Every structure is written in structure tokens, then in C-alpha cells.
Amino acid sequence: MSAPLVLGIETSCDETGVALVRGKDLLFDAVASSMDEHARFGGIIPEIASRAHLEAMVPTIRRALEGADVDLGQVDAIAVTAGPGLVGPLTIGAAAAKALSIGLGVPLYGVNHVIGHAAVDELVHGSFPDQVMALVVSGGHSSLLLVDDIVTGVTELGSTLDDAAGEAFDKVGRLLGLPYPGGPHIDRLAREGDPTAIRFPRGLTAAKDQAEHAYDFSFSGLKTAVARWVETRTDAGQEIPVADVAASFAAAVADVLTAKTIAACRRHGVSTLVIGGGFSANSQLRDLAAVRCAEAGIELRIPPIRFCTDNGAMIAALGSAALSRGVAPSRLDLPVDSSMPL
Ligand code: KG4
Ligand code: ZN
């Protein structure tokens, strides 16, 4: 008998994602984004995102069903992001998922978005070995997860104490006068600059921080250091070597993320690393992770970019995993939780 068909819905931020997964096979993944509507405001506007989800929801569900060549009546379970994320957008997705669950008479699984970013890799690169380390980095989160089981055994070893990696890039992008979101622009500029030009601080790597925050990240001090550096030069009437600033800043972020992640792999004897989340598109992180993983004998798994940014496949993957383990479904009064813990 074939595995149950799971429809996954993701609406935690600006992407409306709907996907159909059977077991660990992705049948189709449809995504609509409202990013173009937010860009001119320099950040995501939750009200605009909510309205866009409401408009895109049914067409995106239809597109996913057509793409997978299945009827709604064939769906065996619904999975939906219950958090973390923006409350309004999460509520639109949860409402749609509950309506489908009631209408079809199938179980509902509310799942964690951050874990979804790791789970999606199983659809791409196959089942995880017994243990994997997952680094989930995006505009909203930077978390290091030790994964013994993607449903029942995820331990958060560390997370950011302030800005997420992508958020820090976007803020530095703003102070360098780059368009929103600044992350991809800094990445591009950094490739033309000298990463050793300026020695920016590496947050929480000092010996005194290691005991308490061995696997936590902090990027706000780094962001302030970049702001001060730029301000001092600007006040003195000097030109800002933008590419060198971008390269030095990007090198600092990649250095801390990879050093701490690989230290965690060593400490826990884990030999597979999964990197997910929209920030895993960053070339400085990818390049350094590839070099350091090779040196440490760690297998590096990074899904293609469209599965790193927010999507429905990650949620369907996690719902499918929960179903296969016989986990009890969520109640139909499932709440959404903007700061949902793991
Ligand atoms: O996962 P995602 O699409 O949305 C969130 O859930 O946040 O991640 C988007 C974040 C933004 O902060 C964006 O600037 C950053 O990831 N980002 C990048 C790159 N591509 C996206 N940052 C640096 N380099 C990139 N190539
Ligand atoms: Zn995300």
C-alpha cells in the first residue's frame, strides 16, 4: 500500500506555500510570494502579508493539486505551520488547514516551521542517518539543532540571542544604502571585496562566552561595529570601500556560523550537517561550510534554494513524518504561536 498523501500549507511570513508529499516523495510544490509588495517599505508588513495569503491560498492549493495530478478527495492528512512566524499570516494558513481537515474528514498536523526547514532535506537527499546536525538560518531565525528524530527527537543546542543572520545582512544592507532585502546584494558585493580588509568582531566566541553560549549566536554587536566603522569614515569625509565592508562582514558571519556548527558536530560525534533556511543561499556561508566540513570529514547537505526559502514541501515533509510515526493529530482548536518553541 502506498504511503498517505499529505497536503502541507506554509504561511508564516510572506510566502504562501502548498505542497503534496507521499511518504518522502514530493509530488508538487507551489509557492506564491508577496515580497514585491513589501520591498518598498523596507520590511515585511504583516497586514499586507495576511491579505496576500488570503488571496493566494485557494489558487495555490489548486495549483499544487493540478501539478501533483491528484484530487482533493485523495488527500489523507493536512499539515500546517503552527509557528513560529507572524500571527496574522499563520492564522490564515491555520484557518485554511482546519477547513480542509473538517471538510475532508482527515487529520490535521500543526508543525514547527524551523524544524520544517531541516525536514525538507529528506525529500531532496533521502532519509537522514541516525543523527544529523541542522543549522537553520534565515531572516527570522538562526538555530542549531541536534536531530535524533525529526519528529520526536529535536534538541535546540543554540540560537541567536538577537538578530537572525539574514536580518543582520538586511540591516547592514540598509546602512550601506542597498535595496531591501539587502542579503543577496551584500553577497554579490562581498564576492568583489577583500574579506580580510577589516577585522570585524566575532560575537560570542570569546573564551568567557564559550561556557554559557557555546552554540548561541549574536550578530547585533557585529552590525553595530559595521555601522561605527562606516560612520567614522563618513564623518572624516572618506570614501567607503563598500565591497570590502561587505566581504569583511560576510566573512565574520560565515566564520561564526560554521565554527560553532562544526564544533557542535565534533562535540556530539555527528557526521552529517544539513543547512536550511533562506540565508543558506549565502555564498560566503556555503563556501566556508564546504571547506570546513571537508576538513572535518562531515557530509554537508544543503537543499536547492527553492527548498531553503519558505515553502509548503517542508511542512508536508514534517506532517508526513509525524503521520508515519503514529503521532496523534492536532486538535481542531490548534492555536498558532508566533514564538513557538521547538
Ligand atoms: O527563509 P527566508 O526566505 O525568509 C525568512 O523566513 O526569513 O530568508 C530570507 C532572508 C533575508 O534576510 C535575505 O536577505 C536573506 O535570507 N538572504 C541572503 C541571501 N539570500 C537570501 N542573505 C545573504 N546572502 C544571500 N545570498
Ligand atoms: Zn523560514
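The shell around ligand 1 is made up of 6 nonpolar, 9 polar and 4 charged residues, where Ala, Val, Leu, Ile, Met, Phe, Trp, Tyr, Cys and Pro count as nonpolar, Asp, Glu, Lys and Arg as charged, and the others, Gly among them, as polar. The model is predicted: local features require a pLDDT of at least 70, side-chain atom pairs count only at pLDDT 80 or more, and totals for chains, interfaces and linings use all residues. Residues are numbered from 1 along each chain as its sequence is written, while chains are lettered from A and ligands numbered from 1 in the order in which they are written.

Of the 19 residues around ligand 1, those that come nearest are S138, G139, G166, G183 and G278; a residue is near a molecule or strand if its C-beta atom, placed from the backbone, lies within 6 Å of it. At least two residues of the shell are supplied by each of helix 6 (165-175) and helix 7 (183-190). Helix 6 gives the most, with 4 residues. Helices (H or I, at least four residues) and strands (E, at least two) are DSSP runs, numbered from the N terminus.

The protein is divided into domain 1 (5-120 + 311-324) and domain 2 (129-303), with bounds from an automatic or database domain assignment. The domain centres, taken over C-alpha atoms, are separated by 28 Å. Contact between the domains involves 13 residues of domain 1 and 16 residues of domain 2, two residues being in contact if their C-beta atoms, placed from the backbone, lie within 7 Å. On the side of domain 1 that touches domain 2, helix 4 (113-119) and helix 13 (313-324) are the elements that give two or more residues. The largest share of that side, 5 residues, comes from helix 4. Its residues divide into 10 nonpolar, 3 polar and no charged.

An open sheet of 5 strands has the order 3-2-1-4-5 and mixed pairing; two strands pair if DSSP finds at least two bridges between them. Strand 3 (25-33) and strand 5 (108-112) stand at the edges with a single partner strand each, so one side of each is left without a neighbour in the sheet. On average, neighbouring strands of this sheet are turned by 20° against each other, direction ignored. Strand 1 (residues 5-10) and strand 2 (residues 15-22) run antiparallel and are joined by 6 bridges; V18 in strand 2 is the bridge partner of I9. Helix 3 (residues 87-104) lies across strand 1, strand 4 (77-83) and strand 5, and runs at about 160° to strand 4. Axes are lines fitted to C-alpha atoms, for helices over the stretch in contact, and angles run from 0 to 180 degrees between N-to-C directions.
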